[in-house]
Amino acid sequence: MSLLQTVKLWGENIPWFEGLREKGRIAFEKVGLPTAKTEAWKYSFFKEDDLRNPQIDMTEHHCCEHCEQHSALPFEALKIEYCNGRLHSEELPPLAGLMIKPLVEAIYDKDVQPYLNKSFDLEQFPFAALNTAYLEQGLFILLERGTTLSKPIYICYHHHDNANCLCHIRNVIVLENSADATIIEHFDAEPNAIYTQNIVNEIFIGNNASLRHLTLQNEALAAHHVLLNSVEVKNNGCYRSFCAQKGARCSRQENFIKLLQEGAEAEVNGIYRLVADKQVCDTTTNIRHLAPHTLSNQLVKGVAEKAGRGVFQGQIHIAPNAQQCEGYQLHRALLLDDNAEIDCKPELEIFADDVKCSHGAASGDLDKEQLFYMQTRGIDEQQAIAILITAYIDEVIQKITDDSLKNWIKQNF
Amino acid sequence: MSKTILQIKDLHAGVAESQKEIIKGLNLEIKAGEIHAVMGPNGAGKSTLSYVLTGKPDYAVTGGTVSFNGQDLLALAPHERAAAGLFLSMQYPVAIPGVATNNFLKHAVNAQRKYHGLPELDAAEFLKLLRQTAKEFDVSAEMLKREINVGFSGGEKKRLEILQMSLLQPSLAILDEADSGLDIDALKIVANGVKKWHNQDNALLIITHHLDLLNLIEPDFVHIYADGHIVQSGDKNLAVELEQSGYKNFLDAEK
Ligand SMILES: Nc1ncnc2c1ncn2[C@@H]1O[C@H](COP(=O)(O)OP(=O)(O)OP(=O)(O)O)[C@@H](O)[C@H]1O
Ligand SMILES: [Mg+2]
């Protein structure tokens with residue numbers, strides 16, 4: 001059984017839509033799964049065998065006791081849930097200025113057409129190509145011009161069985177000019193669940209619009225997780241993301257961000273923990289400064305508690321005409337296991353001369369003097385280590401401006 | 001007869017890695033209610049003694065015994081030594097970026113309570129305790145919110161060390177140059193805090209180079225420590241003598 005499977009999907013009778021799928025299929029057939037030789041994937045590729053024949057699940061979703069039990073949240077939010085890769089079909093409470101509907105509905109209404117598959121090149125992103133071949137599950141979220149959402153949109157992806165299903169989910173998120181929103185994605189599972197999750201978010205941020213995008217990836221430890229955020233930011237628009245990852249056997253969070261027009265801004269912050277041997281956690285970012293006066297900032301910190309592998313690849317591209325841009329990037333990792341590995345690949349591609357850019361990377365051990373100082377106060381070694389880890393990642397968590405979200409991340413990471 | 005808190009017998013210890021011996025046959029007994037002062041030239045091994053007693057992994061004990069309130073001190077892990085009632089005010093307190101002072105102190109107090117099977121203090125209870133103690137040492141609420149020892153002045157660090165002693169209520173406190181870097185007022189604050197804590201059930205080991213602190217906290221015994229062991233012991237007059245004539249006479253007499 002290959003990753004390309006023959007299944008019956010919604011919307012096969014819609015030519016433009018079926019055409020997109022066909023393009024995805026062709027692209028994936030051409031490029032295939034990344035291997036050790038694929039430059040962008042050399043640290044975190046995995047073999048098809050590792051996925052153990054995942055199956056695209058076509059059965060209709062039936063709510064069960066798992067669906068609601070994980071939804072208690074310490075903050076107010078508009079909740080949307082995926083269960084085993086399939087969207088709950090419940091009615092969503094309306095909010096002024098917000099349109100939100102399942103992707104399959106948006107296909108028929110055609111309002112998603114100007115955005116779907118418009119932000120990236122299929123052959124550059126093999127998993128996104130595969131995702132395109134199976135377009136169906138997903139959301140279309142559109143925030144109308146000038147709308148400020150009063151509460152965040154919270155999207156939970158929950159897995160609770162070990163049928164090894166292969167889930168392709170596409171979310172299209174559009175913020176029209178001067179819109180403002182917070183979107184939270186929470187990947188959550190029963191500890192023994194087995195699945196492969198392939199998510200693509202296409203995000204379009206209009207002039208003066210602002211999106212805060214928070215991700216908590218807490219997948220089951222046998223799961224595979226591949227996610228692409230493909231983002232376009234226009235004039236003075238702003239995309240701020242924070243991603244916390246600690247689950248999955250192998251996870252890759254990729255951010256492909258185009259700062260299209262003057263004043264566009266992106267902030268990509270993240271923390272990750274390697275909590276199991278052989279775990280792989282990849283953060284790959286490509287920020288493309290395509291206009292003058294654009295700004296980007298990245299801060300990612302990792303903690304390797306076990307013999308896993310952390311990967312950080314950060315590309316900053318500054319186009320020839322993009323003068324007076326600023327692009328900063330910093331990755332740091334704490335290695336608590338002698339057999340842990342951190343692979344860090346910063347890449348600056350600068351074609352303009354009047355810019356400010358920097359990148360930095362460092363990895364190290366816990367400070368022995370600090371550990372001993374705490375122990376002389378009665379704190380045992382294990383707790384002292386935990387306190388130091390918390391302090392280490394806190395620098396990044398502090399970048400979250402909303403206190404209740406900050407605390408939620410602290411409690412769940 | 002008051003009970004013995006610390007009993008060191010023929011202690012030998014050195015740097016774990018290089019096996020360089022620093023403490024060479026040290027004997028010392030400290031009883032409840034007593035105040036001992038240790039004075040000695042730079043590099044004599046005073047701080048090393050404080051680290052060996054608190055269990056710093058950089059040092060290895062190669063001989064001798066240490067009993068603490070009847071327990072084999074050397075068999076305990078550093079945090080257990082602390083919970084058993086041993087406190088060290090460090091010569092160079094360690095900065096921990098990212099850890100707020102008040103949080104750190106709460107962890108410490110509750111870790112020790114937990115060790116003794118006592119219920120942990122909740123945020124309100126701890127805050128009340130901390131406020132009282134902080135006032136005593138003239139430590140501001142603003143300072144307690146800062147990351148511990150990060151950017152603190154020398155004197156601020158030392159005041160915070162003694163504040164921790166007062167919070168943790170040990171049975172033996174070792175003050176390693178607690179007076180260095182303190183201005184006149186801070187020295188008084190520290191001395192008063194120490195005196196307030198000190199009683200007939202606990203004991204104090206003061207490592208210092210100066211008489212000033214000993215004038216404020218009168219020691220019962222003064223030991224001259226050189227080259228890894230005690231070369232002479234006496235009462236406070238020994239410190240006065242030392243202040244006038246320096247170490248030369250004592251070290252020559254040794255040879
Ligand atoms: N970890 C170590 N590695 C190597 N040498 C060490 C180590 N710790 C201490 N020493 C050495 O042991 C000797 C004693 O040092 P220690 O700090 O105990 O002296 P001290 O009596 O406290 O001096 P001071 O009065 O200057 O504080 C010094 O020569 C010092 O360099
Ligand atoms: Mg010293």
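Predicted model: local features only at pLDDT ≥ 70, side-chain atom pairs only at ≥ 80, totals over all residues.
**Exercise 1.** Determine how helix H6 (residues 154-168) of chain B is oriented relative to helix H7 (residues 184-197) of chain B, and which residues form their contact.

*Solution.* Two packed helices are described by the angle between their axes and the distance between the axes. Begin, then, with the axes of H6(B) and H7(B), which come within 10 Å and cross at roughly 10°. Because angles under 35 degrees count as roughly parallel, H6(B) is roughly parallel to H7(B). As for handedness, H6(B) passes H7(B) in a left-handed crossing. Turning to the residues, B:Arg159, B:Ile162 and B:Met165 on the H6(B) side meet B:Ala186, B:Val190, B:Gly193, B:Val194 and B:Trp197 on the H7(B) side. By class, the residues of this contact comprise six nonpolar, one polar and one charged.

**Exercise 2.** Work out the orientation of helix H3 (residues 101-115) of chain B relative to H6(B), together with the make-up of their contact.

*Solution.* The axes of H3(B) and H6(B) come within 10 Å, and they cross at roughly 30°. That angle makes H3(B) roughly parallel to H6(B), while the crossing of the two helices is right-handed. H3(B) brings B:Thr101, B:Phe104, B:Leu105, B:Ala108, B:Val109 and B:Gln112 to the contact, and H6(B) brings B:Leu160, B:Leu163, B:Gln164, B:Leu167 and B:Leu168. Sorting these residues by class gives eight nonpolar, three polar and no charged.

**Exercise 3.** Classify the packing of helix H5 (residues 368-375) of chain A against helix H6 (residues 381-397) of chain A, and list the residues that make the contact.

*Solution.* The first step is the geometry: H5(A) and H6(A) pack at an angle of about 125°, with their axes 9 Å apart. The two helices are therefore oblique to each other, and H5(A) passes H6(A) in a right-handed crossing. In the next step, the contact is assigned to A:Gln370, A:Leu371, A:Met374 and A:Gln375 of H5(A), and to A:Glu381, A:Ala384, A:Ile385, A:Ile387 and A:Leu388 of H6(A). These residues of the contact divide into six nonpolar, two polar and one charged.

**Exercise 4.** State how many cavities of 30 Å³ or more the structure holds, and describe the volume and lining of the largest cavity.

*Solution.* Rolling a probe the size of a water molecule over the atoms shows where empty space is left. For this structure, the count of cavities of 30 Å³ or more is four, and the largest cavity has a volume of about 130 Å³. Of the 15 residues that line the largest cavity, A:Ile56, A:Arg86, A:Gln137, A:Leu166 and A:His168 are the closest to its centre. Strand E7 (residues 165-175) of chain A supplies the largest share of this lining, namely five residues. To complete the description, the lining residues divide into eight nonpolar, four polar and three charged.

Notes
Residues numbered from 1 in each chain as written. Chains lettered and ligands numbered in written order. Heavy atoms only, no water. Axes fitted to C-alpha atoms, helices over the stretch in contact; angles between N-to-C directions. Helix = DSSP H or I, 4+ residues; strand = E, 2+ residues; numbered from the N terminus. Parallel < 35°, antiparallel > 145°, perpendicular 65-115°, else oblique. Left-handed = near helix turned anticlockwise from the far one by under 90°. Contact = heavy atoms within 4.5 Å. Nonpolar A, V, L, I, M, F, W, Y, C, P; charged D, E, K, R; others polar. 1 Å grid on protein atoms, 1.4 Å probe; cavity = no way out; pocket = protein on both sides within 12 Å on 5 of 7 lines; lining within 4 Å. Points joined across faces, edges and corners; volume = space filled by probe spheres on them.
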